[in-house]
Amino acid sequence: MATPEREREPYPVGAEDEFELDQFRIFEVNKRSIGVVHTEKGWFAIRNRCPHQGAPLCRGPVTGTMLPAGPDEFRPAMAGGVVRCPWHGWEFDLETGRSLFDVSPDRTAVYPVEIRDGQVCLMLPVRRARAEA
């Protein structure tokens, strides 16, 4: 059975032209640190916490990765789609939050990003008040 799509609301974080290519801007949203970045692949938002040991993930570089290859052979991949943890170098996919090459089963949260009238918006789940029991 498919999981129903969660209702989301926009949370503006700045104008498009305020973001430098491949440079995270970090925001505190609902008590969470979230990094937003524009790369050649698009717009991404990811939780600013490495699931390995809690490093500020969005302080690491936005990059690509290298695929396994033979001697003297280089196979670059995922240009502009990876963030590398500044503490231990673990790489995470900006689209899914999953670590690359199965170094960890852990992942970090990712959030949809939309551009609305020139404003960059995080699309966050609607927070509803819980009914009193």
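User: Is C50 buried or exposed?

Analyst: Buried means under 20% relative accessible area, exposed means over 50%, and partly exposed lies in between, with a 1.4 Å probe and protein chains only. C50 has 1% relative accessibility and therefore counts as buried. Please keep in mind that this is a predicted model, in which local features need pLDDT of at least 70 and side-chain atom pairs count only at pLDDT 80 or more, while totals for chains, interfaces and linings use all residues. Residues are numbered from 1 along each chain as its sequence is written, and side-chain values use heavy atoms, with hydrogens and water left out.

User: What does the side chain of N48 reach?

Analyst: A polar contact is a pair of N or O atoms within 3.5 Å; within protein, one atom must be able to donate a hydrogen and the other to accept it, and residues adjacent in sequence count only if both atoms are side-chain atoms. The N48 side chain reaches the backbone nitrogen of C58 at 2.7 Å and the backbone nitrogen of L57 at 3.1 Å. N48 belongs to the loop between strand 4 (42–47) and strand 5, where strands are DSSP runs (E, at least two residues) numbered from the N terminus. With 12% relative accessibility, N48 counts as buried.

User: Where is T65 found, and what does T65 touch?

Analyst: T65 lies in strand 5, which covers residues 62–66, and at 5% relative accessibility T65 is classed as buried. Contact means heavy atoms within 4.5 Å, and, not counting residues up to four places away in sequence, T65 touches R75, P76, A77, M78, E91, L100 and F101. With E91, the side chain of T65 also makes a polar contact of 2.6 Å.

User: How do L67 and E73 read in terms of accessibility?

Analyst: L67, at 31% relative accessibility, counts as partly exposed, and E73 is partly exposed with a relative accessible area of 44%. L67 is placed in the loop between strand 5 and strand 6 (76–84), and E73 is found in the loop between strand 5 and strand 6.

Key: Helix = DSSP H or I, 4+ residues; strand = E, 2+ residues; numbered from the N terminus.
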